[in-house]
Amino acid sequence: MLHVNCDFQVQNIGVAKQLDRIDLRVLDSKGALVQKKYVDRGGTAPGVNTIRWRSIAADSTCHVFNPFHTFDTEVELHTLKFLFRFRYGNRAQTQTITVTPDLTEPKTRHRLPIEGRLLVTDGHDFLSHHRRLGMDHPIIVAIGATKNGSRYALDLAIVDKQGQEFANSGSKHEDWYGWNAPVFATADGVVVAMETNYPDNTLTARGGVVYSSRITPKNPASLLGNYMIIDHQNGEFSALGHLKMGSVKVEKGQRVKAGEHIANVGLSGATTHMHLHFQVQDGADPWHSEGIPTYFDGYRRHLGSRSVVVTRGSIDSGDIAEHITGDKRGSRR
């Protein structure tokens, strides 16, 4: 599949308006029509309702997530022409935007950062909170973010064969399968930024998370908790967040190798459950860098009662994957 990741910033000049419809025309390199799609207010559950900010106040700005995000690989995505239609009273206004997609080819070869059976509890699909980072949201404005470094981020939780993240009640850190699990560098690089002193959050009787008082949008780094940024020295940087306090085993400026034990999974930062947050971006600052898609080498994808070995591939929300160690074999793709 081909995934188109672009969003729109809509600036409304004048009276309040309602976003009524979005049309898309896909053109090939010769300008011929390949596909034509739309979302509008038709039907009992209108497709345009998937867009949260449709009522746009006078002289205001809102963020619209592209509803046409996934295409078959046979579709040539040379030019995308979007037509937005707005209504106010009995009048309508349209605006056309042309997008020319670039095919992103990541430069870095990554391995999964944790051993064991990993559930992607939140990935980068259209419904993911990583993907749906509204730049006009009050928290994002307070942070001062200018780009979405987490666009292709993954939340990786260690689970058992039933997909459970913890045993017993989950009220203790030790109940969680991911607690204190070793975190490995996904690729060679140099550590360029880190935080190591945020306390791990506490847990309630039913596995809920009580945040540390130090987590606040006024301190953007606190949202990742203890974290590490690795420069892969090719324009790509990996960020690993929610690390256990005191578990970081490397120093800023240190060179690391793929597979090197660099920290342990914790419960620091703004997180609702025990997991490792992992993302790749085009700069060192997560709030001022754009996300980059990630492909992993050598992992087993679990598919119920069977599994396949993936030489190189991507994972997303709901997938269960496991890094292959030693000489484990299986069907390949």
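In this predicted model, a search of the whole structure finds zero disulfides. A disulfide is a covalent bond between the sulfur atoms of two cysteines. The sulfur of cysteine 6 has its closest cysteine sulfur in cysteine 62, at 15 Å, which is too far for a bond, because a disulfide requires the two sulfur atoms to be within 2.5 Å. Cysteine 6 counts as buried, with a relative accessibility of 14%, and cysteine 62 counts as buried at 5%.

Turning to the aromatic rings, the structure holds six aromatic pairs. In one of them, the ring centres of phenylalanine 8 and phenylalanine 84 are 5.1 Å apart and the planes meet at 70°, so this pair is edge-to-face. Because phenylalanine 8 belongs to strand S2 (residues 7-12) and phenylalanine 84 to strand S8 (residues 79-88), the pair ties together parts that are 76 residues apart in sequence. Both phenylalanine 8 and phenylalanine 84 are buried.

Another pair joins phenylalanine 166 and tryptophan 176, whose ring centres are 4.6 Å apart with planes at 45°, so the arrangement is tilted. Phenylalanine 166 and tryptophan 176 are 10 residues apart, and each lies in the loop between strand S11 (154-158) and strand S12 (182-184). Phenylalanine 166 counts as partly exposed, at 27% relative accessibility, whereas tryptophan 176 is buried, at 6%. Elsewhere, ring pairs link Phe8, Phe68, Phe82, Phe84 and Phe86 into a cluster.

Finally, there are charged groups placed over rings. The charged end of arginine 21 sits over the ring of tyrosine 38, 4.1 Å from the ring centre, while arginine 132 lies over the face of phenylalanine 126, at 4.6 Å from the centre of that ring.

Key. Residues numbered from 1 in each chain as written. Predicted model: local features only at pLDDT ≥ 70, side-chain atom pairs only at ≥ 80, totals over all residues. Heavy atoms only, no water. Buried < 20%, exposed > 50% of the residue type's maximum accessible area, 1.4 Å probe, protein only. Phe/Tyr/Trp six-rings, centres within 6.5 Å; stacked < 30°, edge-to-face > 60°. Helix = DSSP H or I, 4+ residues; strand = E, 2+ residues; numbered from the N terminus. Lys NZ or Arg CZ within 6 Å of the ring centre and 35° of its normal.
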